[in-house]
Amino acid sequence: MKTKYLLSLLTSLLLFTSCEELGFNITTDQGAGRFSTSSILLDVRDNSNVVYNSPATRAGELDDFKILFFKGDSPAPEESFTYSQMPDVVVLPVGTYRVVASKGTDVEADWDSPYYLGESKSFQILKDSITSDIDPIVCRLQNVMVTVEFDPILISAMSEDSRVEVKVGDNAGLNFTKATEGRAGYFKYEGNSLAATFYGTVEGAETVETKSFDTVEQGVHYKIRFKLHSQDPDHSGQAGGDIFVEASVTPVNVDREVDPGEDTDLGDDERPMEGSDEGKDPETPDTPVPGDDQKAPDISAEAPVTLDGVNVIDDDLTSCVLNITSFADGGFTKFECKIDSNTLDVTQVGLSNPLDLINPGSDEDALIGLGLLKEGQVVKGSKEMKFDLTSFLTMISALGPGLHNFELTVADANGETTKTLILESK
């Protein structure tokens, strides 16, 4: 695979070379054709967001993907390879084919076990011809990803053996502890609910608390965060009053935004310590209803650009603008753009990658020249910004065919958001 993109001349020669001359022995009556594997491009996604793709990808990320060629409706593949070991040309009997790409196993519940699956559109293998043009294969996360976070105040108050059991549907669960905080668990998707139950001792009191999410979506990362119920929103000071834990569940990398702790979408089975509700005013909520001031930053694209697919650079794409909004007091605290391209390497012209618009440093003049910053503009602390990538359209078109990922990561006091803009030059 390392050299496949450097072998275009060889691929061209194969068009005029017979199977017999190449040493292949095909005896089917209908004959055989050839498929150029350089046309297999994998677009690996966590729901709507691109995780990585080919040929512009992190080294080795695609090597273990299984690539299977299925003829018609046959349940058995005609040929199969790993991505890193595919030959440059595959000889196949004439017929209608599809390519299936996968990585991982669809386990019930396990750590660090993402399962990706994608399938190409149907294409034809014709006698004595070579097929070298199919659409990119979109491989989506098939299972449910979960991480659990404990707020620092809760960590200091809970016992060492405290744990959170997470289950999706009726399948086996995983136990998240202090030691596994931040580690990703993966669960089989079966259209069921998600339940996270805290078991432990908090400041000497036995505590059990469950948070459930009624509608689980495939390929979504659910961030579950536990804290002391009486804790201040700014996470400062000491906890007081009734002591029990509460949790919020945030689905990320989905087309719709869901606020942490949004009660309209979350189903609770809360069981605080005995007597913890005594003396409370039932009309006074324990915590304020979250609004825009608790949302993580929003990244959206101005038409005709989309963040949900590949944007082909043509005569109709005359502008490329993203709108970024912070809802938090204090505005942006992080604003980075990582450029992943098979033809454009910004480091070769002295720029940093990722570009840091909060602390541009020596890149500032170049960022102004590219239209990404305005003269005297300070991004840190701002709450709205237009990120104009229009100048890149002509630049990367001039470099020839290729895929170009602009991964934008923006953070504020409410959290962090990452979106990827994909441009394709023909």
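A disulfide needs the two sulfur atoms within 2.5 Å. This is a predicted model. Its count of disulfides comes to zero. Cys-320 is in no disulfide, with the sulfur of Cys-337 as its nearest cysteine sulfur.

Are these two cysteines buried or exposed? Cys-320 has 0% relative accessibility, so it counts as buried. Cys-337 has a relative accessible area of 2%, and is therefore buried too. The cut-off for buried is under 20%.

Now look at the strand around Cys-337. Strand β25 spans residues 334–341. Its covered face holds Phe-335, Cys-337, Ile-339 and Ser-341. Its uncovered face holds Lys-334, Glu-336, Lys-338 and Asp-340.

Which strands pair with β25? One is β28, residues 402–412, joined to β25 by eight bridges. These two strands run antiparallel. Here Cys-337 stands opposite Leu-408. Another is β26, residues 355–356, joined to β25 by two bridges. This pair is also antiparallel. In β26, the residue opposite Cys-337 is Leu-355.

The limit is under 20%. One, of 2.6 Å, reaches the side chain of Asp-161. The other, of 2.9 Å, reaches the side chain of Ser-162. Setting aside neighbours within four places, Ser-159 is in contact with Lys-178, Gly-200 and Thr-201.

Finally, step back to the whole chain. How many helices and strands does the protein chain have? There are four helices and 29 strands. The chain has 426 residues, and 45% of them are buried. Consider contacts with a separation of 6 or more: 66% of them link residues 24 or more positions apart. The protein chain exposes about 20900 Å². Carbon and sulfur atoms supply 47% of that area.

Methods: Residues are numbered from 1 along each chain as its sequence is written. This is a predicted model: local features need pLDDT of at least 70, side-chain atom pairs count only at pLDDT 80 or more; totals for chains, interfaces and linings use all residues. Side-chain values use heavy atoms; hydrogens and water are left out. A polar contact is a pair of N or O atoms within 3.5 Å; within protein, one must be able to donate a hydrogen and the other to accept it, and residues adjacent in sequence count only if both atoms are side-chain atoms. Contact means heavy atoms within 4.5 Å. Buried means under 20% relative accessible area, exposed over 50%, partly exposed in between (1.4 Å probe, protein chains only). Accessible areas come from the Shrake-Rupley method with a 1.4 Å probe; for residues, only the protein chains shown count as cover. Two strands pair if DSSP finds at least two bridges between them.
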